[in-house]
Each structure stands twice: as structure tokens, then as C-alpha cells.
Amino acid sequence: YQRRVHGGISVSCVATEMSSEPPAPRVPKSLSERDHGRRVVVVLNDATLETVMHHKQYQLLNCDDHMNLLRKSKRNPSDFRPDITHQCLLTLLDSPLNKAGHLQIFIRTAKGTLIRVHPSIRIPRTFKRFSGLMVQLLHKMSIRATDGSDKLLKVIKNPISVHLPTGARKIGMSQTGTLVNMPEFVKSLPPDQPVVFVIGAMAHGSDEVDYADQYISVSEYPLSASIACSRLCHSFEYLWGII
């Protein structure tokens, strides 16, 4: 099954042919499970997820709906692109890599809020509904599944390092990093061990973090964060035979 979220309300959807569906992906339950096995951990860094009171209701601050408000407060509207995070989450959660149970996602906002994303959540497809969900999350600190106790989205304590697999290689993805052929690069990583990738979820600016062991670039051309996520997932799917 998949857990869905519609307009900030989470519901569960049970497949009609349960016998043909693979087990729902889940988060590691123990330190041993977290630190071992085939798993790609993605940190969407510097995501611009911030709420603002506008027209007597809280909204997700963005360059399209709040341009005048941002300019009045002398903030650059182009810095507020929560749609980038939305696009990345759709790409990652829809991937066969995630559905096979080999992906874990964290979001770290530009203001330092850390969010854990449950792999079985189905993020709303429209930005309007996604915005409502993020407002609910940032104010209530978690979004719970209606069919159980699992928290599909949860604000967790910093630093990010305590939530990452112990000893895992941490790799930043940046246009200024060392250019690599991604399918070949993933073959060089330790087999059957978790690996962490940090991807900037902002429109521009430095995407470097102090805990990355190295930085790589996966194309000679500038790529959107969503395309970088897609290349990452496809490379591991090919490596691990996930169709």
C-alpha cells in the first residue's frame, strides 16, 4: 500500500491486488539496520520551507504568491523556491529505488529545521496541496498516517549527523564538484553499505556542507536538483538490478 496525503490530510490506500504488491518501504528500526545494507540516504539541503501569515491564514512562502511581501521585507524573491523541494520529493519517492526499500530522505531547511520523510508517503502532486501539507507540518511538527502510528513526516532534532549511518561515505552533488560518470562512480562505492548524498534544494548559492567527504558533479551542464535526484536513483537502480 501507499500512504497518501491530500490537502494536508493523510489517508491510506490499499492496493486491490495485494499479493502482487511488494512490501511497503519503511525506515530503519534499529542502529544495526540503519548502519548496514543497501541504502541510499538523500539529504535535500537548504530547502526554502518557511510559513508566513498572509490574508489571515498561514501560507508557504514562495516567490510567486508573495513577491510583494518579500520585496517589502527586502528579501530576494528568487531565494524562495519551495517548488524545488516538491519536485525533488516527487522524483525520489516515485523512483523504483524507493519502492524497493533502498532510499531514505531527509530535508534540512534554510532555517535549520530537520525533517525526516517516511518512504511510504505519497506527496501531493500539486504544489498548492504540497504547500498546505508543509504548513501543517511546520506548525504541528509531524504528519501522522491515518492507518497507524507511523509519522509520515516529522521534524527531528539536529544535527543531521546523528541520523546518518555510522561510517557511511557522505557525498555532495554540486556543479563545482569533480565531474564523474554517475553509473561508473556508484560502482566504486563500498558494496552493500549505506551511502549519503547531499543535494541542494535551492535555486542558487553555495550548496556545500561541512560533513561531506567529497563533492561530485554528474554532468557538464547545469542540472536542476530534481534531475540530479533522478540521475542518482537511476544509477543505483541499474547497479542493483532494480527494474
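Contact here means heavy atoms within 4.5 Å, and buried means under 20% relative accessible area, with exposed over 50% and partly exposed in between (1.4 Å probe, protein chains only). Helices (H or I, at least four residues) and strands (E, at least two) are DSSP runs, numbered from the N terminus. The model is predicted, so that local features need pLDDT of at least 70 and side-chain atom pairs count only at pLDDT 80 or more, while totals for chains, interfaces and linings use all residues. Residues are numbered from 1 along each chain as its sequence is written, and side-chain values use heavy atoms, with hydrogens and water left out.

The buried residues of helix 7 are Ala225, Ser226, Ala228, Cys229, Ser230, Leu232, Cys233, Ser235, Phe236, Glu237 and Trp240. The 16 residues of helix 7 should span 22 Å at 1.5 Å a residue, and the end C-alpha atoms are 23 Å apart, which agrees. The expected span of a helix is 1.5 Å times one less than its number of residues. Just after helix 7, glycine 241 has a positive phi of about 70°.

Serine 226 belongs to helix 7. Serine 226 counts as buried because its relative accessibility is 14%. Apart from neighbours within four places in sequence, serine 226 is in contact with Gln87, Cys88 and Thr91.

Isoleucine 227 is also a residue of helix 7 (residues 225-240). Its relative accessibility is 40%, and isoleucine 227 therefore counts as partly exposed. Tyr221, Leu223 and Ile227 form a nonpolar patch on the surface, and together they have about 300 Å² of accessible area. Patches are made of residues with over 30% relative accessible area and no salt bridge; like charges are joined within 9 Å, and nonpolar side chains (Val, Leu, Ile, Met, Phe, Trp, Tyr) within 5 Å. Accessible areas come from the Shrake-Rupley method with a 1.4 Å probe, and for residues only the protein chains shown count as cover.

Three aromatic pairs are present in the structure. One of them is edge-to-face and joins phenylalanine 197 to phenylalanine 236, at 5.9 Å centre to centre and with 75° between the planes. This pair links distant parts of the chain, with phenylalanine 197 in strand 12 (residues 195-200) and phenylalanine 236 in helix 7, 39 residues apart. Both phenylalanine 197 and phenylalanine 236 are buried. Phenylalanine 236 also pairs with tryptophan 240; this aromatic pair is tilted, at 5.0 Å centre to centre and with 50° between the planes. Rings of Phe, Tyr and Trp (its six-membered ring) pair if their centres lie within 6.5 Å; planes under 30 degrees apart count as stacked, over 60 as edge-to-face and the rest as tilted.

Phenylalanine 236 and tryptophan 240 both lie in helix 7, four residues apart, or about one turn of the helix. Phenylalanine 236 counts as buried because its relative accessibility is 2%, and tryptophan 240 is buried with a relative accessible area of 15%. Phe197, Phe236 and Trp240 form one aromatic cluster.

A search of the whole structure finds seven salt bridges. A salt bridge is a side-chain nitrogen of Lys or Arg within 4 Å of a carboxyl oxygen of Asp or Glu. The side chains of aspartate 192 and arginine 38 form one (2.7 Å, N to O). This pair links distant parts of the chain, 154 residues apart: aspartate 192 is in the loop between helix 6 and strand 12, and arginine 38 is in the loop between helix 1 (31-35) and strand 3. Aspartate 192 counts as partly exposed at 41% relative accessibility, and arginine 38 is partly exposed with a relative accessible area of 36%.

A salt bridge also joins the side chains of glutamate 50 and lysine 111 (3.5 Å, N to O). Glutamate 50 lies in the loop between strand 3 and strand 4 (51-54) and lysine 111 in the loop between strand 6 (103-109) and strand 7 (114-117), so the pair ties together parts that are 61 residues apart in sequence. Glutamate 50 counts as buried at 15% relative accessibility, whereas lysine 111 counts as exposed at 61%. Glu50, Arg75 and Lys111 are linked in a network of salt bridges.
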